[in-house]
Amino acid sequence: MKDALLLQLQEVSRKIAAFEGKYNEGFGDFRKSWSQRKDMKKYSHDLESDYMDWEALELYKRELMRVIHSL
């Protein structure tokens, strides 16, 4: 079970790294700059979709780490 969770964690981390490379920053900085944007680009489908996907991955990663450490 732990091995399967570690594989999931590795995959999630790979996807997060792709977002970090795309935007050249971590999610915390991305969220801050997104919330401070004043232009309509903030609401573009691509940007909003990336925000939601990245946020979900970060939450999933934390949950995976919590479960792994509890085993």
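This is a predicted model: local features need pLDDT of at least 70, side-chain atom pairs count only at pLDDT 80 or more; totals for chains, interfaces and linings use all residues.

Residues are numbered from 1 along each chain as its sequence is written, and side-chain values use heavy atoms, leaving out hydrogens and water.

**Exercise 1.** Find how helices α1 and α3 are arranged relative to each other.

*Solution.* 
Step 1: Locate α1 at residues 2-23 and α3 at residues 45-70. Helices here are DSSP runs (H or I, at least four residues), numbered from the N terminus.
Step 2: Read the geometry: the angle is about 150°, and the axes are 9 Å apart. Axes are lines fitted to C-alpha atoms over the stretch in contact, and angles run from 0 to 180 degrees between N-to-C directions.
Step 3: Name the arrangement. α1 and α3 are therefore roughly antiparallel, a label for angles over 145 degrees.
Step 4: Look at the contact by class: 15 nonpolar, two polar and eight charged residues. Ala, Val, Leu, Ile, Met, Phe, Trp, Tyr, Cys and Pro count as nonpolar, Asp, Glu, Lys and Arg as charged, and the others, Gly among them, as polar.

**Exercise 2.** Work out which residues bring α2 and α3 into contact.

*Solution.* 
Step 1: Start with the packing: α2 and α3 meet at an angle of about 145°, with their axes 11 Å apart.
Step 2: List the partners. α2 supplies Phe27, Phe30, Arg31 and Trp34, while α3 supplies Leu47, Glu48, Tyr51, Trp54, Glu55 and Glu58. Contact means heavy atoms within 4.5 Å.
Step 3: Sort them by class, which gives six nonpolar, no polar and four charged residues.

**Exercise 3.** Which residues have the most contacts inside the largest nonpolar core?

*Solution.* 
Step 1: Recall that a nonpolar core is a set of buried Ala, Val, Leu, Ile, Met, Phe, Trp, Tyr and Cys residues joined through side-chain atoms within 4.5 Å.
Step 2: The largest such core has 14 residues, and Phe30 and Trp54 have the most contacts inside it.
Step 3: See where the core comes from: α1, α2 (27-36) and α3 each give two or more residues, and α3 gives the most, with six.
Step 4: Zoom in on Trp54, which touches Ile16, Phe19, Glu20, Tyr23, Glu25, Gly26, Phe27 and Phe30, leaving aside residues up to four places away in sequence.

**Exercise 4.** Is Asn24 buried or exposed, and what is its phi?

*Solution.* 
Step 1: Find Asn24 in the loop between α1 and α2.
Step 2: Asn24 counts as exposed because its relative accessibility is 68%. The cut-offs are under 20% for buried, over 50% for exposed and in between for partly exposed (1.4 Å probe, protein chains only).
Step 3: Check the backbone: Asn24 has a positive phi of about 55°, although it is not a glycine. Most residues other than glycine have a negative phi.

Terms used. Angles under 35 degrees count as roughly parallel, over 145 as roughly antiparallel, 65 to 115 as roughly perpendicular and the rest as oblique.
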